[in-house]
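Hello,

Here is the structure I promised to pass on to you. Have a look at it first, and then read my notes below.

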Amino acid sequence: MGVHMDPAAGRKIGNYMLQEQLGAGGMGIVFRAEDLKLRRTVALKFLPPHLTSDPLQREQLLREARAASKLDHVNIGTIYSIEETEDGQIFIVMARYEGETLKARIRRGSITATEVENIALQIAEGLQSAHSNGVIHRDIKPSNMMLTSQGVVKIIDFGLARALEPETQTLSGKVTGTAAYMSPEQAQGKQADQRSD
């Protein structure tokens with residue numbers, strides 16, 4: 001499959017110019033980028049080679065990304081496309097939102113009961129839409145909730161999302177997610193469903 005490139009700010013990849021690294025974790029590296037063709041700001045998530053080097057796992061990941069990309073709800077971050085570099089590194093092109101994560105908002109100080117209720121209702125509405133479309137997120141946590149400057153909550157980073165169709169079910173025994181936020185069944189490597197979110 002070749003040597004995977006290390007994305008870096010200032011590098012042009014396809015129609016995108018990487019601008020700034022926004023975050024990194026076990027599921028990849030996220031950059032703010034400019035879409036040179038459509039002249040808009042986007043977020044690019046580069047998936048790590050260990051998730052895409054096995055052909056079976058790669059195909060499962062692509063199926064799940066396709067399922068997540070079909071979600072269309074005001075409280076779910078938009079996925080524009082799934083693309084691949086010349087050396088086979090997969091990246092997801094997503095909408096970039098101005099605002100802050102719920103994690104950052106919590107760190108800034110106390111949140112009123114009204115604000116908490118508003119945030120919780122928007123998260124629940126986004127999850128209900130995902131679940132009704134057969135997709136579970138599996139990594140619900142404050143850093144995966146964007147609070148836009150317009151006050152809209154966006155559930156982002158469906159990087160661990162799983163489609164609920166039988167052919168895309170998670171293989172049992174695999175533990176995926178963020179330890180502090182995992183459901184008990186995820187922590188035990190068991191099958192996750194809507195209740196896990």
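Gly23 has Val30 as its bridge partner in strand 3. Before I go on, a word on conventions: the model is predicted, so local features need pLDDT of at least 70 and side-chain atom pairs count only at pLDDT 80 or more, while totals for chains, interfaces and linings use all residues. Residues are numbered from 1 along each chain as its sequence is written, and side-chain values use heavy atoms, with hydrogens and water left out.

Helices (H or I, at least four residues) and strands (E, at least two) are DSSP runs, numbered from the N terminus. Two strands count as paired if DSSP finds at least two bridges between them.

Strand 2 and strand 3 are antiparallel partners over eight bridges, and the hairpin that joins them passes through two residues. Strand 2 (residues 16–25) also pairs with strand 1, again in the antiparallel sense, over two bridges. Here Ile13 has Tyr16 of strand 2 as its bridge partner. Strand 1 and strand 2 form a hairpin with two residues between them, and Gly14 in the turn has a positive phi of about 60°.

These strands belong to an open sheet of six, ordered 1-2-3-4-6-5, with antiparallel pairing. Strand 1 (12–13) and strand 5 (79–84) are at the edges with a single partner strand each, so one side of each has no neighbour in the sheet. At the strand 5 end, five bridges link strand 5 to strand 6 (residues 90–95) in the antiparallel sense, and Ile79 is opposite Met94 in strand 6.

The loop between strand 3 (28–35) and strand 4 (40–46) holds Arg39. Arg39 has a positive phi of about 55° although it is not a glycine. Is Arg39 buried or exposed? Its relative accessibility is 74%, so Arg39 counts as exposed (buried means under 20% relative accessible area, exposed over 50%, partly exposed in between, with a 1.4 Å probe and protein chains only).

Helix 2 (residues 55–69) lies across strand 5 and strand 6, and runs at about 160° to strand 5. Such angles run from 0 to 180 degrees between N-to-C directions, with axes as lines fitted to C-alpha atoms, for helices over the stretch in contact. Among the buried residues of helix 2 are Arg58, Gln60, Leu61 and Glu64.

Asn75 sits in the loop between helix 2 and strand 5. Asn75 is buried, at a relative accessible area of 2%. What does the side chain of Asn75 make a polar contact with? One partner is the side chain of Gln122, at 2.9 Å, and the Asn75 side chain also reaches the backbone oxygen of Val153 at 2.9 Å. A polar contact is a pair of N or O atoms within 3.5 Å; within protein, one must be able to donate a hydrogen and the other to accept it, and residues adjacent in sequence count only if both atoms are side-chain atoms. Leaving aside residues up to four places away in sequence, Asn75 touches residues including Glu125, Gly126 and Ile155, where contact means heavy atoms within 4.5 Å.

Three strands form another open sheet in the order 7-9-10, with antiparallel pairing. Its twist averages 25° from one strand to the next. Strand 7 and strand 9 pair over three bridges, and Thr101 has Met146 of strand 9 as its bridge partner. Helix 4 packs on this sheet, touching strand 9 and strand 10, and its direction makes about 40° with that of strand 10.

The largest nonpolar core has 27 residues, of which Leu71, Ile119, Ile123, Met145, Ile155 and Phe158 touch the most other members. A nonpolar core is a set of buried Ala, Val, Leu, Ile, Met, Phe, Trp, Tyr and Cys residues joined through side-chain atoms within 4.5 Å. Helix 2, strand 6, helix 4 (113–132), strand 9 (145–148) and strand 10 (153–155) each supply at least two residues of this core. Apart from it lies another core of ten residues, including Tyr16, Leu18, Phe46 and Val93.

Best wishes
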